[in-house]
Amino acid sequence: MNEVIKDLGLKTPFYSGSSGQKNWLGNGVKTNIKSPVDGQLIGEVTFADNKDYERLMAEAQIAFPIWKAMPAPHRGEIVRQFGDALRQEKENLGKLVSYEMGKSLQEGYGEVQEMIDICDFAVGLSRQLYGLQMHSERPGHRMFEQWHPLGVVGIISAFNFPVAVWAWNAAIAWVCGNVCIWKPSEKTPFSSMACQEIFKKVLLANNLPEGISNLIIGDSTIGKSMAADQNIALVSATGSTKMGKSVAETVGRRLGKSILELGGNNAIIVAEDADLNHAVPAIVFGAVGTAGQRCTSTRRLIVHESQYESLLEKLKQAYGQLRIGDPLDQKNHVGPLIDTMAVEAYKNTVKTAQEQGGELVYGGQVLKGDGYISVCYVMPTIIKANANMPIMKQETFAPILYVTSYKDLNEAINIQNNVPQGLSSSIFTLNMRKAETFLSNSGSDCGIANVNIGTSGAEIGGAFGGEKETGGGRESGSDSWKAYMRRQTCTVNYSTDLPLAQGIKFDL
Ligand code: UN1
């Protein structure tokens with residue numbers, strides 16, 4: 001095992017080689033996992049095959065009746081303990097996420113903090129899984145709705161948030177009484193193994209079966225099996241639109257439920273009256289944070305023509321100050337892309353954008369040499385673009401920012417909405433009319449619409465997700481929990497009569 005991992009000192013030992021002791025170690029193909037930070041081997045994992053999947057599903061099915069029989073606030077208590085265990089492991093787990101995925105250490109810690117926060121949210125929620133009571137039209141009748149667990153929830157997560165997105169789903173799914181099977185990205189298995197071991201320790205300390213949380217490390221064949229499996233009541237999938245369409249088709253064919261959180265193509269509109277002291281750092285963080293690999297990353301900048309040149313100058317200056325390198329070194333702002341395939345996608349996109357008339361004004365190169373040995377580091381890039389360029393309608397998971405200008409707000413909103421994706425959006429303006437127009441039903445068509453903050457870094461308290469090719473699902477806060485439960489409408493007749501609804505008479 002890699003020395004960096006050994007030195008992490010996670011209080012919960014999580015990796016003991018591919019000896020088959022852990023329930024997530026499979027019998028399929030062996031794969032080497034390398035860090036994008038330094039190209040070093042982190043370790044070897046053995047992918048699960050379908051037999052392993054069936055074994056885990058059996059464990060989940062044994063665990064479900066035990067877990068759902070516990071009152072929801074008691075389930076909340078287990079999630080509270082998980083949150084506490086994460087507080088203990090925050091530093092080391094954050095480092096592991098940073099090393100395995102390549103995001104900055106601060107963002108690695110932030111990701112674990114997001115897990116802790118969603119646990120707190122879920123604990124409170126465990127006492128608030130409310131149903132409504134309606135007035136029945138029939139005398140002596142009571143009508144209400146209640147919410148029951150679904151069963152086994154499948155979670156498919158992406159490499160860019162290797163642990164937090166799982167926690168958004170799992171913590172909520174658990175307090176709702178479900179058990180989970182988690183297939184993380186095969187690019188970041190070690191972070192998920194650490195999480196599984198941390199939660200397993202909590203379960204075992206409470207005499208509960210590990211099957212409440214199941215981890216399966218495998219490639220897309222496992223994701224496909226999950227989508228097709230009748231035993232999975234809900235599949236919550238985060239990742240590319242291509243993957244989401246395939247999951248939706250398969251789950252839809254069996255009329256199962258899905259929550260899809262897919263690609264984004266997020267824009268910031270900068271109005272003529274924007275406070276650039278706030279807009280510039282928000283744009284830079286949104287475009288280059290996590291090396292442009294968030295689904296909420298800022299990919300398009302739509303700037304009023306009066307601000308266009310001066311903002312571009314300010315951005316070029318700010319980009320010039322960015323330090324690119326080892327994300328575990330807190331002096332650096334931008335780490336590597338996840339792998340060399342992502343670097344190829346970055347190169348192709350920069351090239352295509354130029355072929356389509358875009359003008360490269362900053363970056364565009366892959367970094368080589370000392371400190372960039374993994375060949376996964378790229379220069380954050382700014383491209384002067386024309387909103388009609390087809391490449392601007394695509395999401396590339398890389399720090400590439402397209403900048404385009406507009407004359408009036410309606411035009412800006414049209415440009416912002418005229419893409420297949422609909423996740424996050426924002427406007428910088430000090431003008432109340434413009435802000436409210438942007439938030440109105442003729443404004444942004446995205447699931448997230450912000451004023452005077454950037455497109456990324458959503459809080460867990462809100463429902464997270466977006467429209468159109470982003471998939472329409474909502475995870476995390478607000479009333480997203482309802483998607484993890486089944487609704488039951490109940491009517492009780494306590495009268496001495498049997499009146500029918502709609503006044504129908506049926507006398508025998
Ligand atoms: C994702 O990239 O899949 O809003 C999720 C954000 C994060 C979540 C991103 N809280 O940027």
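Start at the ligand: the shell around it draws at least three residues from each of domain 1 (2–262 + 471–488) and domain 2 (266–459), with domain bounds that come from an automatic or database domain assignment. Keep in mind that this is a predicted model, in which local features need pLDDT of at least 70 and side-chain atom pairs count only at pLDDT 80 or more, while totals for chains, interfaces and linings use all residues. For your selections, residues are numbered from 1 along each chain as its sequence is written.

**Stop 1: the ligand shell.** Select Asn160, Phe161, Val165, Thr238, Arg294, Cys295, Thr296, Ser456, Gly457 and Ala458, the residues around the ligand; each has its C-beta atom, placed from the backbone, within 6 Å of the molecule. Colour them by class and you get four nonpolar, five polar and one charged. Here Ala, Val, Leu, Ile, Met, Phe, Trp, Tyr, Cys and Pro count as nonpolar, Asp, Glu, Lys and Arg as charged, and the others, Gly among them, as polar.

Stop 2: Domain 1 brings 17 residues to the contact and domain 2 brings 19, where two residues are in contact if their C-beta atoms, placed from the backbone, lie within 7 Å. On the domain 1 side, look for α3 (72–101) and α4 (105–125), each supplying at least two residues; α3 gives the most, with four. Helices (H or I, at least four residues) and strands (E, at least two) are DSSP runs, numbered from the N terminus. By class, this side of domain 1 has six nonpolar, six polar and five charged residues.

**Stop 3: strand β11.** Select residues 298–304. Seven of the seven residues of β11 are buried, so the strand is largely enclosed by the rest of the structure; buried means 20 or more other C-beta atoms within 10 Å of a residue's own, exposed 12 or fewer, and partly exposed in between, with C-beta atoms placed from the backbone. Ala267 has Arg300 of β11 as its bridge partner. Next, show β14 (residues 400–406), also parallel to β11 and joined to it by five bridges. Here Val303 stands opposite Ser405.

**Stop 4: Asn414.** Finish in helix α12 (residues 409–417), where Asn414 sits. Is Asn414 buried or exposed? Asn414 is exposed, because 12 other C-beta atoms lie within 10 Å. Its C-alpha atom is 9.6 Å from that of Ser442, 28 residues apart along the chain.

Terms used. Pairing = 2+ DSSP bridges.
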